[in-house]
Amino acid sequence: MIRLIALDLDGTFYAGRSLGVPPSAWAAVDKARNLGLRFAVCTGRPIGGHGLAWARRLEPHGPHIFNDGASICDAQGQSLHAHPLPRLAELVGLARRYGLPFDLMGAWGGRYYEEGLMPPELLAHVEITGIEARSARFEEITEPLVRLWFVVSDLGLWKTVRPELTALEEIDLAEYVSPREVIAGAIQKGVSKATGLRWLANYYGLGMDEIAMVGDSHNDLEALRVAGLAIAMGNAAEEVKAVAHHVTAHVREDGFAQAVEYILAQNG
């Protein structure tokens, strides 16, 4: 019996700027909540903005996972659990030395950048989340920091810097490479959406077999592997579909609503 549905946002629940969250998704959420199921956001997004607003509507009295498991907060954005990013002074020092654009995510919802290291390509990524980034030097920030993101348009420079980053054994580095840029996020080693799901299971007193995870991307893989029921979107990467128990339709074709209906059908 599934009692909690954890969901990725981008590409799973949110269908992009033109479509937003499909009305069918909210209708499915209302139906499942009326039947006693709980929901939890399980996203790589930082705390705040659109993601927190959706979390508040999905489950106003429960915890939610942000920053790929490095942050767990309530629906008001108050931190419940966090994994601070180690070796942060070295990471920031490396960014400054090479002139790498970066921003920092805080456990209390802050998002920070340094003057002179906020080019248009990084600003565009910040604006998507609906979270206002503040200019501050790393040494001035008082809240715990859980994640650092690089956005690098010079692929040759990234090849130069990458070995220094991967040599830091206490961190994991997620990379998203396109012909135009590299987006790379540093997080405490071993932290993932899966560790977030385990925290939720403990919080609610559930077994992992009572949690369903719905996702579409590589950062969902570990959570899908540990969830009792793993559902991949029709637009998911092939590696994601391969670990899922069920594949639903594309996010733009009511895929999330179909995922919820599938879960309800499995519950009988």
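**Exercise 1. Which strands does helix H3 (residues 88–98) lie across, and at about what angle does it run to S9?**

Start with the ground rules. This is a predicted model, in which local features need pLDDT of at least 70, side-chain atom pairs count only at pLDDT 80 or more, and totals for chains, interfaces and linings use all residues. Residues are numbered from 1 along each chain as its sequence is written, and side-chain values use heavy atoms, with hydrogens and water left out.

Step 1. Find the contacts, meaning heavy atoms within 4.5 Å. H3 lies across strand S6 (102–106), strand S9 (145–152), S10 and S11.

Step 2. Take the angle. Axes are lines fitted to C-alpha atoms, for helices over the stretch in contact, and angles run from 0 to 180 degrees between N-to-C directions. H3 runs at about 20° to S9.

Step 3. H5 lies across S9, S10 and S11, and runs at about 160° to S10.

**Exercise 2. Give the strand order of the six-stranded sheet and name its edges****.**

Step 1. Apply the pairing rule: two strands pair if DSSP finds at least two bridges between them.

Step 2. Read the order. The sheet is open, runs S8-S7-S6-S9-S11-S10 and has mixed pairing.

Step 3. Locate the edges. Strand S8 (134–135) and S10 each pair on one side only.

Step 4. Check one pair. Strand S7 (residues 111–113) joins S8 in the parallel sense over two bridges. Tyr-113 stands opposite Ser-135 in S8.

**Exercise 3. Describe the three-stranded sheet and the helix packed on it****.**

Step 1. This open sheet has the order S3-S4-S5, with antiparallel pairing. Its edge strands are S3 (64–66) and S5 (79–82).

Step 2. Neighbouring strands are turned by 25° against each other on average, direction ignored.

Step 3. Strand S4 (residues 71–73) pairs with S5 over three bridges. Cys-73 has Ser-79 of S5 as its bridge partner.

Step 4. Helix H6 (residues 193–204) touches S3, S4 and S5. The direction of H6 makes about 160° with that of S3.

**Exercise 4. How do H1 and helix H2 (residues 49–58) meet?**

Step 1. Their axes come within 11 Å and cross at roughly 35°.

Step 2. List the contact residues. H1 brings Trp-26, Val-29 and Arg-33, while H2 brings Trp-54, Arg-57 and Leu-58.

Step 3. Follow Trp-26 to its ring partner. Rings of Phe, Tyr and Trp (its six-membered ring) pair if their centres lie within 6.5 Å; planes under 30 degrees apart count as stacked, over 60 as edge-to-face and the rest as tilted. The count comes to seven aromatic pairs. The rings of Phe-13 and Trp-26 have centres 5.0 Å apart and planes at 85°, so this pair is edge-to-face.

Step 4. Phe-13 lies in the loop between strand S1 (4–7) and helix H1 (23–34), and Trp-26 in helix H1, so the pair ties together parts that are 13 residues apart in sequence.

Key:
Helix = DSSP H or I, 4+ residues; strand = E, 2+ residues; numbered from the N terminus.
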